[in-house]
Structures are given as structure tokens and as C-alpha cells.
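Here are a few notes to read alongside the structure.

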Amino acid sequence: MTAETDEPENSLAEAFWAVTRRLRHRTREALAPWDVTPAQSRALGVLTRHGALRLSTLAEHLRIAPRSATEVVDDLEARGLVGRRSDPTDRRATLVAPTEAGTRVGAAIQAARRAAAEDLFGSLPAADREQLARILRTLRD
């Protein structure tokens with residue numbers, strides 16, 4: 001190892017966190033027109049992809065506590081982007097689904113998030129992006 005690779009700012013973890021910070025910053029900027037948090041954006045994305053879900057299932061998709069999912073849904077509902085209804089298979093349970101406005105906003109947000117990611121990763125050659133995506137999926141799973 002050289003002195004260069006021993007320095008904390010050159011470590012793999014530090015590089016990863018620096019890229020993560022840049023992506024989060026760009027994502028926050030991309031979400032600004034809709035005044036939604038990243039958690040709200042993710043929840044709306046899950047609901048537009050999967051349709052109506054129980055709060056517990058949404059929390060599992062988001063990898064957050066059910067209480068946190070309730071807060072996110074409360075905020076989205078107050079903005080008219082999601083609605084709650086009784087689960088027809090179990091009236092004790094509640095389903096959450098995007099409204100028409102939520103579906104439109106969700107699609108626009110996803111396009112903005114993709115554009116922010118493309119802005120960050122677009123300078124990489126296609127083969128590098130594919131390899132990075134493969135590595136990140138491996139680490140995620």
C-alpha cells in the first residue's frame with residue numbers, strides 16, 4: 001500500500017459516501033418542485049409501482065418502521081397524493097393507494113430522479129455504469 005491509499009479520503013468507504021452525498025444533494029434539488037422529502041418520494045414510487053398496499057407492507061418495501069410509514073403516508077394524504085381505504089379482504093386493515101394526482105406526481109418525480117442520477121453517472125462509459133450497477137445490487141442484496 002502506498003501512502004496515497006492509506007489516507008482516509010481515498011478509502012473506498014469515503015469515496016462511496018462522497019458519491020452518496022452528491023446523489024442525495026442532486027435528488028433533493030430534483031424533488032424541490034414538488035416539495036416532497038426523499039422518503040415521501042420513495043413511498044409514492046412504491047405505491048405507483050405496486051398499487052394499493054397495507055401500511056405494514058409499504059413499510060417493508062421502504063425498510064422503515066411502520067410508525068414512520070404512517071407519518072409519510074399522513075403527509076402524502078394531506079397533499080392529496082395518496083388515499084386510504086378499507087382492505088376488502090380484512091376490514092380491520094387499511095390500504096394506501098396513490099390518487100390520480102399522486103400517480104402523475106409520482107411519474108414526474110421518478111423522471112426527475114432518473115435525470116438526477118443520469119446527471120451524476122452519465123459521464124461514465126456504459127460498461128462502467130453496468131458494472132457499478134451490478135456491484136451495488138450485489139452489496140444491496
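Predicted model: local features only at pLDDT ≥ 70, side-chain atom pairs only at ≥ 80, totals over all residues.

**Notes on the core, the surface and the overall fold**

1. Leu58 and Val82 have the most contacts inside the largest nonpolar core, a set of 18 residues. At least two residues of this core come from each of helix H3 (38–50), helix H4 (55–62), helix H5 (66–78) and helix H6 (100–121). The top contributor is H3, with four residues. As background, nonpolar side chains in soluble globular proteins tend to be buried together.

2. Now to the surface, where Phe16, Trp17, Ile135, Leu136 and Leu139 make up a nonpolar patch with about 500 Å² of accessible area together. Helix H2 (12–31) and helix H7 (126–140) are the elements that give two or more residues to the patch. H7 has the largest share, three residues.

3. For the overall picture, the protein chain has seven helices and three strands, and its elements run α-α-α-β-α-α-β-β-α-α from the N terminus on. The C-alpha trace spans about 65 × 25 × 25 Å along its principal axes. The radius of gyration is 18 Å, whereas a compact globule of 141 residues would have one near 14 Å. Of those 141 residues, 26% count as buried.

Technical notes: Residues numbered from 1 in each chain as written. Heavy atoms only, no water. Patch = residues over 30% accessible without salt bridge, like charges linked within 9 Å, V, L, I, M, F, W, Y side chains within 5 Å. Areas by Shrake-Rupley, 256 points an atom, 1.4 Å probe, with all protein chains shown as cover. Salt bridge = Lys/Arg side-chain N within 4 Å of Asp/Glu carboxyl O. Core = buried A, V, L, I, M, F, W, Y, C linked by side-chain atoms within 4.5 Å. Buried < 20%, exposed > 50% of the residue type's maximum accessible area, 1.4 Å probe, protein only. Rg over C-alpha atoms; globule rule 2.2 N^0.38 Å.
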